Every structure is written in structure tokens, then in C-alpha cells.
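Please look at the sequence and the model below. A short briefing on them follows, grouped by topic.

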Amino acid sequence: MNYHSPASFAEASALAENADGVTRFLAGGTDVLVQLRADIVTPDTLIDIKKIDGVSDITQNDDGSWTLGVAVTGAEMTEHASLSRDWPGVVEAMDLVGSTQVQGRATLTGNLCNGSPAADSVPAMVAAGVTVTVTGADGSREVAVGDIPTGPGRTSLAKGELVSAVNIPARGDNAGDAYLRFIPRTEMDIAVVGVAVSLRLDGDTVTEARVSLGAVAPTVLLVQECADAIIGSTLDDAALDALAAAASAACNPITDKRGTVEFRTDVAGVLAKRAAKIAYARAKGETVKGDHA
Amino acid sequence: MALDDRKSDFTFVGTRPDRPDGLDKVTGRAKFGADAVAPGMLFGAIVRSPHAHARIVKIDTSKAEAMKGVKAVVTRADFATGLTGEFWNVQENVMAGDTALYDGHAVAAVAATSALDARDAAKLIEVEYEVLPHVTDVDKAMAADAPVIRDGTADGSVPEGMHPNVVRYHESGHGDVAAGFAEADLVIEDSFKTEATHQGYIEPHACLASLGADGKGELWCTTQGHWYAQKHCAALLGIETSQLRVTASEIGGGFGGKTTVFIEPVALALSRKANRPVKLVMSRSEVLRATGPTSSTSMDVKIGMKKDGTITAAEGVFRLQGGAFPGAPMEFTAMCAFAPYALENVRQVGYDVIANRPKQAAYRAPGSPMAAFAVESVIDLLCQELDLDPVEVRLKNASKKGTKASYGPRFDDIGLVECLEAARDHPHYSAPLEQGQGRGISCGFWFNHGGETSVSLALSEDGTVQVSVGTPDIGGSRASMALMASETLGIPYENIRVTIADTATLGYNDVSHGSRVTYASGLATIKAAQAAIAEMCKRAAAKWGIPEDAVKWEDGCAVPSGPNAGDFEPLAMADITADMGATGGPISGHFEATPEGAGVSFGVHIVDAQVDPETGKTSIPRYTVIQDAGKAVHPAYVEGQFQGGAAQGIGWALNEEYIYGEDGRLQNAVFLDYRIPVASDLPMIDTVIVEVPNPGHPYGVRGVGETGIVPPLAAIANAVSRAAGVRMHELPMSPPRILAALKADG
């Protein structure tokens, strides 16, 4: 196994471009190192991107948007007061990943590029409209988070490409987001269903909404029908029921050791309602502590 | 020296001193199974079957043997031949013969100079399999069309016409159940299933083995019973028992799962072949796939009750799947099922069924928790139908002293009524429930055990004491032994050091199981201390020139008594030991026996469950354990045993399960998906220690380690069923299962 710690993303990209066999990028390592030790994936080339300048920075740009380095950890996000105030759903989704120890290492980028349909931060990022900057041999491009995963363990990143930054939009006024996941326990588990809602209000009325589902299909879903169910409403019971029905209808899950098709389909609707209520309250300026269902 | 009378006033027993192993464990100094090293040590790795059932056509080890760093490869050919009975079963499980019988079954092993090399070499061992049909479910394994797993395994107890996968049968009871059911106002019959669960000890199996060509060996391992390991390893390797010295490491949990051997004989075989010490450490996946989980069960229970709550008859059929080997504890399931109740008419039947799963091992009160789940669920249904209070109904039918037990004998002093009264009077039982909550209760029973026991106690010149016991400390027994020795000798707890002796330095000891250690090793420690006291009294009598029987032992001193009372100043223990070399030689005491007065144990649990009707998710906001300890030697440890039983029971009831795919492979062989409760899943578990002394122990001690896991499955099922408004018949009561039951109920 060859280990590299390049000083730039261009160098990292070139190393990957020219590597043979299995290549893995190493940021927090909470997936890569576990898979290595468990004899699931033994990379031929390991490219450590933690030593590139700026990868641990959380920056708020002049327009209110945020740029997060690829090695920013979950713990650093949770402790960042203004990021947490702007995007509590995204921050809490990342905070649900792993234990306190894992939070000291795990990153949004790693959670995305691991390609798990059950990744907690991914639906939250999709609902929030987050993009990532992808660097390759031909330079950089910006890609919506939802376009990165292509199936369990697979991404759209080409050989020699890697994520070099996470871009979170400006939050703006009268808006809120939330992410809820279902696990049978209270901690240390993988989402059986995950639902993220981001919305904006005009007075009491929802004017914008994005609803994203995790762990109910081979990849994360952004469900327009869910958004349509609540846009124009005051999140009354009829709108919530329509939201739940749309969420359940969008599910394309499997039965496995973590849950059944029926269960995932039902609970997606339940969580969509609960997450929407939290996002709505946050958009009204209320402080609502998120929790998994 | 009237020390044979049961003691009731205690100075040290019943206090809560610091645990003797505490500092070592919190500082990392304690040496567990994987902490041993030896010069020239090799690392082992095991090749395991990926198939649930497959004939082993050929094993080609040549590529592995040619790899640099590889020093030995072993297969079944490197073990003893001609074994029979349980030795053969254990050998067959430790290393497959002609057939791999479950996913994870060991088929070969390799030792190399590094752990990574061993892992890579294991991949080079080529095994050709002929895949055979498999079955993993207990009911399917008994069905007429089930594949036959090991024909000819059944013993003579099995009735004619059963499938060959049914290998043992049990039937017991008394009275006339048909007549009893005819007397009932309501008879309920229902069926239940439970999935296999694992003990979940945090320390995987690990050992360091060294075996020479001269047949002399050393084995260091994490085990609940090193004499068991010695006997079985010697048999499996074909060496003499006494030539293998086994030392038990500090143990990171066992719960019954470390009462047998898995990797130890393999490490010894590798060591013998390589002529180097070999270390073997299991991964968590290996632990889940290839050690001994519980049996899975399928059960039918029928109980008749009068309107006033009197049980008129009870009948149960208990089918246990225990892997591809005989030994599922179905007779315990059957015998424990109705033990809490005084029944005139009772009958219980058990079937031991083999399937393509790992050989089950003991797990705290093996077999009893499942029985309680089925029986106590039916009692709860009867209480609901007849509108009766669940505790009062159990009190009305409770077994007491003199009751003819459902499994045969008459009970001596037992504490079930006291436990039920404590439950009825506990604030938890009358506390109001919130919306969405339900409350369940259950009784639980376990036999407890005595077993072969040897203890040696030696006095030091400074008056301190070293106690050597042979029962690995899985639940705080070193503290309990020290407390009982200090009580007997009348010297401070801190003056006593208790050590787990190796097999070469003490007589035979049965495994630390059956809740036997505090009872049996404790009894032997008291007797050994009494022997030392007798010798000290003799030395004092000689010094004073008075008869031996004119000296008594009081508060750690020899005191002249009778006509000589007051003639001499008392001699403290340290005064006697200081010159013992000149007064007759070293003083020690020892005791060897198979004590048979273990004293059965009952408990009652009260639990509140909260069910989310939209997701089927259960939380446990309140839990109370009430159990008879006879006499709690170290109450903090007793409470810990109670809480541990409840915690493991919550996992078993709600989310833990072995999940097999259609291919017969275990789907969830990691802790991520084998869902043991985490700390935040549990409430603070309240405990009440009831003390009805055990007549079979000098201080009244009963074992407490196992009964605590008997009631939780049933108590939680009753709470969940009441909270959800729908009866749950299958464990675990995972959210998908509860939500499906709610939907089916409309």
C-alpha cells in the first residue's frame, strides 16, 4: 500500500489519476480505516488530504454562504455557533454520525463519498441545496450533493477526481431546516429511514421547500411532490398528511437486516411530518432541539 | 467453634468495600486474554466456512505453507481421533471434519510471524466445498421436508416418527392436566418464538498457547473455567490432562459464553506443529458467527385459570434450536417454565433440535428466559381477560416452602412470595402511567448450582491471608470471597488477597457458571478459613498448656474459654502466625467438596414501556428488579448483577437477534447491526435485594448471577403489549415487528 499526503488538491488529483488498483482518499478515516481493518477494502493507494491548506476551515462568505474544508469534523461543525444557527438540520445530521470519538474525525465529505444510502448528513445537505467543489485533472467544477452518490458504495466521481470543498448556501430570512432519522436504539446506529426538510416562510405560509429522503432507495432522494405538498400551506394537518403520503410514495426501499420495505415506507411519512414541523418552528425563529425519532 | 450454625449477624459480609481488581482495571494494568506475549510468539488465523452446510471436498494448504512467515497450517487431521460423546462434539465444533455445519465453522488454521501475514495466509488456503441444503429455523428444521443435518445424532429419548434433526426429548410434570383444564373458567393457549441472541461479552475470545513435542503445554486464555479448558483441550489434542497447565486471564465478560472452548485447542495444535507459542484472538465477527449464542425457540403454552386467579393446570411445549450439535437446554426451559407456581396439574415437553447454526453455549440461566416469556405472557393475557391484578394473581399461585415444584422436588426456604410482596408494595407498581405507556411484570426462576470446588487459604507471617480459588471472577467473586474470609477469620477485608489459581496449583474446580461461585467457592472459603482457625486455636492451646477445645476464636483472636476463661491474654492472629514456623510449621486451610445446597432463586421484575404508535419504537422509562439473594455478601455487586440482567434482557427483548439470510449466512455479524442496547437506551435500573437465607450455605448465600435475566423478556413483552394494545408473540419486539402488529390489529 502506498501512502501519500499531497500539499494541494491538484497534486492529490494527479496522484489518484496515475494510481493503479484501489485508491482511497483519507480525511477523517472513519470509514476508510474501519474498512481496512475489517478486511473489507484494502487500498493500494491511500491519499491523505488532511495536510492540504485550508481543509479544516469553516468560512462564512460575504453573501452569507458557507465554505467548509473537506477535513472539517462533525465536532467542529457542532461547536460552530453561527453555522449551527444558520443550518441546524445539516449540523445535527452530521452530529448523528457515530460516537463522540468518531465526531472528532468524521467529515461531511467522507460521509458523502462513502456512498452509503443511509448516510445521515447527505439528505440534510440535499435539502439545504449544498454543492461540492470537485477537483480533477481538468480543474474544478461545482456539483450538487445529490448528484454525487450513484448507488450503494458508488459515486459519480471519475478516476482522479475528488471533492475539494463543501458549499452551503446562504440561509436567508424566515427559513429553517431539520433532519430526523429512525434507528431502533438511541445512538450508535445506522439510519433505517432519514428525512430532511428545509423551508422558507412568508408569514405563516411555506413559500419554498426541499424535502430529501435517505435509506429508502439506492441513493438519496429529493422529492418534489413532498415540497409541493407543503408549499402554499401553513403546515396544517392536511398539508402534513399530503407530505407524509408523498414521502411514502417516493420510497423505493429494500427489506434487509435493518428494516422492511413496509416499515421504511410508513416511517418515511411519519418522519417527514415530524421534520417539517421542526423546520417550520425554526423558520418562525423558535429554538427547537433536534433529535432522531 | 460452633461455626456450623447459620450466621445471621455480620461484621464484614453485607458491606460495600472497594473491589480488589478495580485499580488494575481502570489503569489498564489488568491482563486480559489478548494481553499475553511470549518470546518467539506466532499469530494464528482461522479459515471459516462461508456456507451454512457444505461437504468439505478438499483443502489445499500448499500456497499458504509456501508463504514467507508461515510456520504451521492445521486442519482436523492435526487433532486427536477416536473421540466420542461431548468431546467429539466439541472437537467437531472447534474444527470441522467432513462437513462444515454452519456459516463461520472453522475448517483450517494458520500460524505466522505477524497477525497480518496470518490473515493473508488464511486467504491462500483453498477449500473446495460441495454445498448442501441447509436449515436455520427451529420449526423448519423439525418439518418433514427439512434437510437432515447429522443423521444418527438423536438419542433414545426421541419419540418414534420425529425428524432426525430432533435429537433429544424431555417430558416432566405431575397431576392430570386435562382434568385441570376442565376445572378452569378460562383456558388460553398461545404460541411464541424467540430468536437467538449472543451474550455480547466485550472481550472477544483470546489465548496464548504453547505445546511441545513432549506433550507438555501451557495455555493462557479468557475463560469461565480453566479446568474445563484443560480437560477438553487435552482430550482434543490427545495429551494427558495434567501435562497442560491452564491459567485463566482477567475476563472481560462471559455470561456463560466462555464455559467452553473454541480457539484454544486450535492454538495448541498450531503451537505443537510450529514448535512456537501461538496467540489467537477472535474478531467480533468471529465471535458472533462462531461462538455460542443462545438457542432460538418456538413454544406453545396453555394455562387454565379460575375467575379468582387460581391456576388449575398448565402445559407447555418448548422447541429449542441449539445449532448443529445436541445440547440446546430444552430440559431447563421445560423445568423452569412453571417453577414459580404451585400447580396440581402441570406438564412440560422439550425438544432439542439441530440446525445449521453455531453450537449454542450457556447464556445466564440457559433456557429459562424464553420459557418465562411464553408462560408469563399467557398469565398476563389471563389477567387481562379476567380483569385481575398481575401481582395478586402471581401471589395467589406462588411456590413456597413445601410446594412440589413443577419439575419434581419440594422447595425448601424460598423467597418468591417475599419478592412479589416487595413488588406489590414498591412505589413503582402503583405509580401512574403516562399516555402510550404500559406496565409489565414477570416472575423468574433459576435452579442455581454447586459443582466441584477446591479452595486453599494460606496465612502469612504478618497475619494477612492469601486465598486461592479456582473459579474465574466474572462477577466480583474475589471481593465476596475476601468478605466471607474476613467474616470467618475476624480480620479486615484489606488483609486478604484472593487469587484465581491456575490448574497446576489447586484441585479441580467446575466452571464459573450456574450462579455457583459465591455459593460454592464462598462455602469452601469459609470452611478453609475454619480449618486454619482450628489450627491456630491448637497453637494457642499448646502455648497456654490447655486443651484444644478450651480455646475459642473471637474477633480475630484465640481466646481461652470454659474453665480457663480469662487465664491468658487473647492471642491475635498475627501473634500466632509470627512464630508459626517454630510452633508447628506453616498454617493453611483447604476445602474440597461438591456442595449440593445451592438454593434455588426467584426474582420479580416491574417494567414500564413506552411505544411510539407511529414507528413501533419502544423505550423503557422505568425498570425495577426485585430478587432473593439469600444473603448479599457485597450488595453493590448483587445490584450490579440485577441491573446487568435487566440490561441484557432489554436488548434480547427489543432489538438483539441473529438474522440469517436465505443463503444461511449470518447477516449481522458486527455490533453495528447486532443491536445491543447502548447506555442511553437504558433507564436507571432500580433494585431491591430480598434476603431469605439459603439453608445450604453457612451465611445463607444464594447465587444471584442468572435469575436476573429470566423475567425481563416476559416483563417487557407484557409492558409493550399493554402499551401497544396488541399482544406480541415474537422476540425481538423490534420496531418493524411492533408496527406490523399494530397495523394488523387495525
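A residue is called buried if 20 or more other C-beta atoms lie within 10 Å of its own, exposed if 12 or fewer do, and partly exposed in between, with C-beta atoms placed from the backbone. By that definition Met188(A) is partly exposed, because 18 other C-beta atoms lie within 10 Å. This is a predicted model, in which local features need pLDDT of at least 70, side-chain atom pairs count only at pLDDT 80 or more, and totals for chains, interfaces and linings use all residues. Residues are numbered from 1 along each chain as its sequence is written, while chains are lettered from A and ligands numbered from 1 in the order in which they are written.

**Chain A as a whole**

- Chain A has 11 helices and 14 strands; helices (H or I, at least four residues) and strands (E, at least two) are DSSP runs, numbered from the N terminus.
- The radius of gyration of chain A is 19 Å, close to the 19 Å that the globule rule gives for 293 residues, so chain A is as compact as a globular protein of that length.
- That radius is taken over C-alpha atoms, and the globule rule is 2.2 Å times the number of residues to the power 0.38.
- The C-alpha trace of chain A spans about 55 × 45 × 35 Å along its principal axes.
- Of the 293 residues in chain A, 51% are buried.
- Among contacts in chain A with a separation of 6 or more, 65% join residues 24 or more positions apart; two residues are in contact if their C-beta atoms, placed from the backbone, lie within 7 Å.

**Annotated regions**

- The UniProt annotation "domain: FAD-binding PCMH-type", from an unreviewed entry, covers residues 1-173 of chain A.
- Over residues 1-173 of chain A the chain is 30% helix and 24% strand, with the end C-alpha atoms 50 Å apart.
- For chain B, UniProt lists "domain: Aldehyde oxidase/xanthine dehydrogenase a/b hammerhead" (unreviewed entry) at residues 27-133.
- Residues 27-133 of chain B are 24% helix and 32% strand, and their end C-alpha atoms are 51 Å apart.
- UniProt positions are given in the numbering used here, feature names are shortened, and annotations may be inferred rather than shown by experiment.

**Where chain A meets chain B**

- The contact takes 19 residues from chain A and 20 residues from chain B.
- Helix α11 (residues 261-283) of chain A gives the most to the side of chain A that touches chain B, namely five residues.
- The residues on that side of chain A divide into eight nonpolar, three polar and eight charged.
- Here Ala, Val, Leu, Ile, Met, Phe, Trp, Tyr, Cys and Pro count as nonpolar, Asp, Glu, Lys and Arg as charged, and the others, Gly among them, as polar.

**Two domains of chain B**

- Chain B is divided into domain 1 (22-30 + 450-593) and domain 2 (367-448 + 599-745), with bounds that come from an automatic or database domain assignment.
- The C-alpha centres of domain 1 of chain B and domain 2 of chain B lie 38 Å apart.
- Their contact takes 14 residues from domain 1 of chain B and 16 residues from domain 2 of chain B.
- On the domain 1 side, the elements that give two or more residues are α15 (477-489) and α16 (517-544) of chain B.
- The largest share of that side, five residues, comes from α16(B).
- The residues of the domain 1 side divide into six nonpolar, seven polar and one charged.

**Helix α11 of chain B**

- Helix α11 (residues 368-386) of chain B has 19 residues, which at 1.5 Å a residue should span 27 Å; its end C-alpha atoms are 27 Å apart, which agrees.
- The expected span is 1.5 Å times one less than the number of residues in the helix.
- In α11(B), 16 of the 19 residues are buried.
- Asp387(B) follows α11(B) and has a positive phi, near 55 degrees.

**Backbone details**

- Most residues other than glycine have a negative phi, and most peptide bonds are trans.
- Met188(A), in the loop between β11 (175-182) and β12 (193-202) of chain A, has a positive phi near 55 degrees.
- Ala215(A) has a positive phi of about 70 degrees and is found in the loop between β13 (205-214) and β14 (221-222) of chain A.
- Ala215(A) counts as buried because it has 29 C-beta neighbours inside 10 Å.
- The peptide bond from Leu731(B) to Pro732(B) is cis, with omega near 0 degrees.
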